[in-house]
Every structure is written in C-alpha cells, then in structure tokens.
Amino acid sequence: MVKNPKYHYTGASIYPGIYQPVFTREQEPIQVKNSKPPVNIIEFPDYYQIEMPVPGFQNNNFFIKTQGCSLLIVARKEFSNAIEEAHYHLHGFRYQYITRNIDLPHDADTEFGTAEYKNGVLYIYVYKTSCPMQNNQNFIIVY
C-alpha cells in the first residue's frame, strides 16, 4: 500500500468542532494588556479637571506629555509573580500598559498643568487661558 504524503496522519485531530490550540502554554507569545480607560473632562470657571480611573498604579508610573491642546497619558506597571500565580475568577482591572490621547478645548493652557493620583484615579488640572495656545511641548508631573 502506498501512502500519499499529502494526507500524512500527525496524531492530532483536526476535526471541525474540536479545539486544538495553536500554541501550548509554554509557547504562547507574551502579550501586553493594553487598555484605554474612560475619561471625564469637567469644566470649571477657571480650569478643566480631567479624571481617569486607573487602579493599581503609583504616581511614578505615569508619563504625561502636552502638545498644544492635546494630552498624551502613558502608564506602565510591572507585575510580580505572586499575582501571576493567583487564581482569579475574574480579574477585570489589571492594567499593564495604558495609553490615552485626550484633545482638550482650545482655551486650555497645558503649559501650567498639574496632576495627582489618589484612590485609583488620576486627576489632571489644566487652567483656562484667553490667548490661543502655541504648539509647545511640556510635561506634567504626577504628585
């Protein structure tokens, strides 16, 4: 009997409906969980307050860059193996990497912004101005 190499049996079932993973757990590529959290922009008479919920971070995990009336918020966090070994039933707020670009109103003065991180929420305060903003680049430090 001559076997056709095109139909060589490999021992793995490829019957439709049976799940066959492409990678084993050890071969699975490492994926970075990226998230885009929701943002509130609240207008007050003299300033804007931007709120972004990001639980589990610290104030030194954030990088906030301004350019004109635009904010770029980046946060990165390392997780320990103790968290990896835990068996969660649902783990819905575990961010490893966050990036968010926010366009602010034209009267926002991003040159003198401040930020604070408390109780899992990032608060950014940007004053209003009557002069149109230039396309200047600045950084905001999170306290």
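Predicted model: local features only at pLDDT ≥ 70, side-chain atom pairs only at ≥ 80, totals over all residues.
**Exercise 1.** Determine whether F57 and F62 are buried or exposed, and classify their ring pair.

*Solution.* Step 1: apply the accessibility classes, in which buried means under 20% relative accessible area, exposed over 50%, and partly exposed in between (1.4 Å probe, protein chains only). Both F57 and F62 are buried. Residues are numbered from 1 along each chain as its sequence is written, and side-chain values use heavy atoms, with hydrogens and water left out. Step 3: apply the pair criterion: rings of Phe, Tyr and Trp (its six-membered ring) pair if their centres lie within 6.5 Å; planes under 30 degrees apart are stacked, over 60 edge-to-face, and the rest tilted. The centres of F57 and F62 are 5.7 Å apart with planes at 40 degrees, so this pair is tilted.

**Exercise 2.** State how many aromatic pairs the whole structure contains, and describe the one formed by Y47 and Y125.

*Solution.* Step 1: the search over the whole structure returns six aromatic pairs. Step 2: Y47 and Y125 are edge-to-face, at 6.2 Å centre to centre and 65 degrees between the planes. Step 3: locate the partners, with strands (E, at least two residues) taken as DSSP runs numbered from the N terminus. Y47 lies in strand β3 (residues 47–53) and Y125 in strand β8 (residues 121–128), 78 residues apart, and the pair links distant parts of the chain. Step 4: Y47 counts as partly exposed because its relative accessibility is 27%. Step 5: one aromatic cluster is formed by F44, Y47, Y125 and Y127.

**Exercise 3.** Find the contacts of K128 with E43 and with Y48.

*Solution.* Step 1: a salt bridge requires a side-chain nitrogen of Lys or Arg within 4 Å of a carboxyl oxygen of Asp or Glu. The bridge joins strand β8 to strand β2 (residues 40–43) across 85 residues. Step 2: K128 is partly exposed at 24%, whereas E43, at 53%, is exposed. Step 3: a charge sits over a ring if NZ of Lys or CZ of Arg is within 6 Å of the ring centre and within 35 degrees of the ring normal. K128 lies over the face of Y48, at 5.1 Å from the ring centre.

**Exercise 4.** Identify the salt-bridge partner of E116.

*Solution.* Step 1: the whole structure holds two salt bridges; one of them joins E116 to K118, with the closest N and O atoms 3.9 Å apart. Step 2: E116 is partly exposed at 25%, and K118 is partly exposed at 43%. Step 3: K118 also lies over the face of Y123, 5.8 Å from the ring centre.

How values were computed. Helix = DSSP H or I, 4+ residues; strand = E, 2+ residues; numbered from the N terminus.
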